[in-house]
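The exercises below are meant to be worked with the sequence and the structure side by side. Try each task before reading its solution.

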Amino acid sequence: MRTPAFLVICLVIAAAVFAGSLAIGNDYVFFAGYVILQYVVLSTAWNILGGYCGYVNFGTGAFFALGAYSTVAIYKLIGDSELPNVIPIPVLMLVGGVVSGVVGFGMGYLTLRLRGAFFSIATLALAVVLETLVVNWDFVGGSRGAYVIRPEEMPLIGNYIRYLFLMMMLLAVGAITIARLIEHSRLGYGFATIRDDELAAEASGVPTLRLKLTAAAISGALMGMAGAPFPYYIGFLQPSSTFGLDYAINSIAMPLIGGTTSWVGPLIGALLLGSLQQIATVTISSAINLLIVGLLLVGFVIAAPNGIVGLVRAYIRRKPTGLVGRRRLGADAAGRAPGAAPGATP
Amino acid sequence: MIFSFDLLANAIVSGILIGGFYAAVTSGVSLAFGILDIVNIAHPAFIILGSYVAYIVNATFGIDPIVTAIIATPLFYVLGAGIYQIYYVSFEKRGQESLRGLAFFFGLLFITEVSLVLYFGVDYRYVNASYIGPTWHFGDIDLPLRMLVPCVVSLLLIAALQLILTRTFIGRAIMAVAQDQLALRLMAIDPVRIKRIAFGISIATASLAGAFLIIIQPVEPSVGREYIGRVFAICVLGGMGSLPGTVIAAMLIGIVESLTSTFYGPSWAPAVSFGFLLLTLAVRPAGLLGR
């Protein structure tokens, strides 16, 4: 499918989801949906570097927070007066994306020449360095945190949360389209060679460092864009909660549970895990969320290394047509029977 | 800012003391990451687990946390050996350790942490021991015993580890597995077994480090996160798997952190070790005493 067609289909689905959410008539749907969509963007962004290139980024929180704090900085610069009418969310997203993208690039430039593990550890370090800077930067609230006042209404759409939801939805569509575009382009094949065997790729003339830097910049930029509207959503931004590892574990778990090799995986993982967490928050407690995520992550990487997408593909492959599949399964069972018999019969 | 000599001296001394503790925290990572190449990002979580073991035994039986930790090392060894077995079968054998192995340990980190939160809550826990209160004074320099005792025991622990690694058969086999697994196999030694033992030892050190941590400061489950970057910074700076390098790097980071928090305020201290890490990775990835 060509990209424009894909984009149109995505937009139609997005419009349908938005209309459906409106039809429910409860704004809580938008509050919960916003978080899930945010995870769709974060996990898709993580997957561009993590899944396609095989470099694990533990700094999702850092890039996300960079986006969020760019917004706070702009908010403080302009003053509390009618900001959303002055600077619309897409512009904030753009600024957040540029800031995070540049940091992602710089970060990659320092560490992507080293082995993968070093990059992962350096991303952890980056999160703490940036957090320390923000904590000590009083202009954006410092350790006390920053208040951002959310406008009540948005013309045409109604409650402001609906507007935020819509913006995040569009960003999610954009992120997925970019991921899919990368996957089927020269860039994507280059990424795949890095993931499979970096040394061989380098030897065959693939410009590995340049590709990795591209991936780091795109991935960081998308994370920053996802973070940009966040201050308006949450109302009160605090360094310790924004820079935390909670975003990191989610954005790693979702692609790995869904499947890392295509854009479908992070989407499935984010929808599934995101909804699960929203349900768990309402019904049990929010503390249990991370336990669920951790257990699922460990379970999946051990038992189903290719995620849900991998499981589905294996299932389809095992059964090309009904008849052949059944016969082969029968043969397997018959072949196993004699060996199993001595132990099974007393 | 008023510069005073005794402030400087005290900052350096407390940096050395905290550095000794950092060395114990990092020794496990140096073993796992530096020598075995296993990126055990969950190590701090096991340290917190060690803290809670020390806390429970101290609260119910009143036994000294360090004694408890020494008694608990076999348990941690078994835990570590078990985890390595899962890691080996699920990731190393399939050649997927780089992406999924990392994710596995990251998941373990959260499972351990949240389980502790759900069971013990997020209250700060502390232990009682005779050396936690008093402080020795040498002129202007203060030596709080709650820092001194962990530092000394930690240096003893690292000396013991170094002796094991250089003088015993198992220790030399561990060093050899880092260099050439195939050669080890040709010598009729099972590299997986050696790595299992080494990883068990690595986790066993977390028991002691955990006890040190809860002696030095009250502990709650997510305290461990502060140590993730720090231990890796020390490990990389020390030269990946060199225990003497680890001690030097730990003292260095301890001193710089202590100076930073004395002269610029504690809120800047966390950035120090990470700044060091980024700098080391950018300038000299082999570390101070790298091979």
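**Exercise 1.** How many of the 21 residues of α10(B) are buried?

*Solution.* This is a predicted model, in which local features need a pLDDT of at least 70 and side-chain atom pairs count only at pLDDT 80 or more, while totals for chains, interfaces and linings use all residues. Residues are numbered from 1 along each chain as its sequence is written, and chains are lettered from A and ligands numbered from 1 in the order in which they are written. Begin with the term itself: a residue is buried if 20 or more other C-beta atoms, placed from the backbone, lie within 10 Å of its own, exposed if 12 or fewer do, and partly exposed in between. By that count 15 of the 21 residues of α10(B) are buried, and the helix is mostly covered. Helices (H or I, at least four residues) and strands (E, at least two) are DSSP runs, numbered from the N terminus.

**Exercise 2.** In which sense do β1(B) and β2(B) pair?

*Solution.* Two strands pair if DSSP finds at least two bridges between them. Strand β1 (residues 135-138) and strand β2 (residues 141-144) of chain B are joined by 4 bridges, and their sense is antiparallel. Within this pair, F138(B) faces I141(B) of β2(B) across the strands. The hairpin leaves 2 residues between β1(B) and β2(B), and in it G139(B) takes a positive phi near 65°.

**Exercise 3.** Which element gives the most residues to the side of chain B that touches chain A?

*Solution.* Two residues are in contact if their C-beta atoms, placed from the backbone, lie within 7 Å. The contact between the chains takes 35 residues from chain B and 34 residues from chain A. On the chain B side, two or more residues come from each of α3 (65-92), α4 (97-120), α9 (225-238) and α11 (269-283), and α4(B) gives the most, with 15 residues. Sorted by class, this side has 25 nonpolar, 8 polar and 2 charged residues; Ala, Val, Leu, Ile, Met, Phe, Trp, Tyr, Cys and Pro count as nonpolar, Asp, Glu, Lys and Arg as charged, and the others, Gly among them, as polar.

**Exercise 4.** Where in chain A is confidence lowest, and where is it highest?

*Solution.* The pLDDT is the predictor's confidence in each residue, from 0 to 100. Chain A averages 83, with 90% of the residues scoring at least 70. Confidence in chain A is lowest in helix α17 (residues 322-344), at a mean of 43, and highest in helix α10 (residues 208-227), at 93. Over residues 323-346 of chain A the pLDDT is below 50, and beyond near neighbours in sequence this stretch has 3 contacts in the model. For chain B, the average pLDDT is 87, and 98% of the residues score at least 70. The model as a whole scores ipTM 0.85 and pTM 0.86.
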